[in-house]
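Thank you all for coming; I would like to walk you through one chain this morning.

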Amino acid sequence: MRYFQAKVAENRALGGGYFVLRLAGCGSLAAAKPGQFVMIRGAWGRDPLLPRAFSLMSVSPAGGTADVLAKTVGRGTALLERSLPGAEVDVLGPLGTSFPAPDADCLDLLVAGGVGLPPLYMQGELAAVQKLVSRSELLYGGRGAKDLVLLREMEAMGLPLHLTTEDGTVGTPGLVTRVLEARLDAHKGKRVRVMGCGPNAMLWAVARLARAREIPCFISLEEQMACGIGVCLGCAIPARSRPYRYVCSNGPVFDAADVLDVKPVAPPPPSECPA
């Protein structure tokens, strides 16, 4: 983990509020793994005060660059969306836990919802580099066609895609969990792992489907973070292994069995970070 300054090398708009920032000067992220994240803050003064957390989507050790996918949902992401090449940003990372590495003996079903794509994109990219992309499938869902991005890039890496949209404009109509059920049925009897990132409601549904079939499931949780290193204690979630775990320092990738359907037993300590 390092705190360093990077520069925007490219800012690529994807439509629908989605954009990819390519950051230069990220050599210290060379060893980052799928599921890990960075805290990013632009040179925008005091407002907003805190950095924003972004899962890494791709890292190029040779070029010293790192890509993050974001969607404009608030002031911080709106400012980043308007960043021009050459703009300086402060970066802290790589942070957090990662997904299990690709395994020739396992079939990995990667379930992404909307802006939850980045760590699973990186997982697929790693599988392609290791010649194991045929042992992965990406199940990618969104509300509509504009929420499914970077499809050509994933097809180019050879990653099998199963697309769903709630409005039925692309792929299978409905929720991505509908396709997950079908793929789990299709691979019945095989050694399968499920990995997911997206809205919490989607993740809980994914985890329950995997648990019902006694299939290993790993989920990357999204919570608002002030520090990213476990100091402010603002991203606490209840767990089975202990009363609370923290998404930034104990996650963001968790074994779903540890955090699924767990009720809080006591409030966590209050945050000391500024709101």
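Predicted model: local features only at pLDDT ≥ 70, side-chain atom pairs only at ≥ 80, totals over all residues.

Residues are numbered from 1 along each chain as its sequence is written, and side-chain values use heavy atoms, with hydrogens and water left out.

Helices (H or I, at least four residues) and strands (E, at least two) are DSSP runs, numbered from the N terminus. Which residues of α2 are buried? They are Pro118, Pro119, Leu120, Tyr121, Met122, Gln123, Gly124 and Ala127, with buried meaning under 20% relative accessible area, exposed over 50%, and partly exposed in between, for a 1.4 Å probe and protein chains only. The 12 residues of helix α2 (residues 118-129) should span 16 Å at 1.5 Å a residue, and the end C-alpha atoms are 17 Å apart, which agrees; the expected span is 1.5 Å times one less than the number of residues. Just after α2, Lys131 takes a positive phi of about 60°.

Let me turn to other backbone features. Most residues other than glycine have a negative phi, and most peptide bonds are trans. Leu150, which is not a glycine, has a positive phi of about 60°, and Leu150 is found in the loop between β8 and α3. Glu214 also is not a glycine and has a positive phi, of about 55°, in the loop between α5 (200-212) and β12 (217-220). Are these two residues buried or exposed? Leu150 counts as buried because its relative accessibility is 6%, whereas Glu214, at 75%, counts as exposed.

As for the peptide bonds, the one from Asp47 to Pro48 is cis, with omega near 0°, and Pro48 is placed in the loop between β3 (37-42) and β4. The bond from Gly251 to Pro252 is likewise cis, with omega near 15°, and Pro252 is placed in the loop between β14 (244-246) and β15 (253-255).

Finally, the chain as a whole contains six helices and 15 strands, and buried residues make up 51% of its 275 residues. Its C-alpha trace spans about 55 × 45 × 35 Å along the principal axes.
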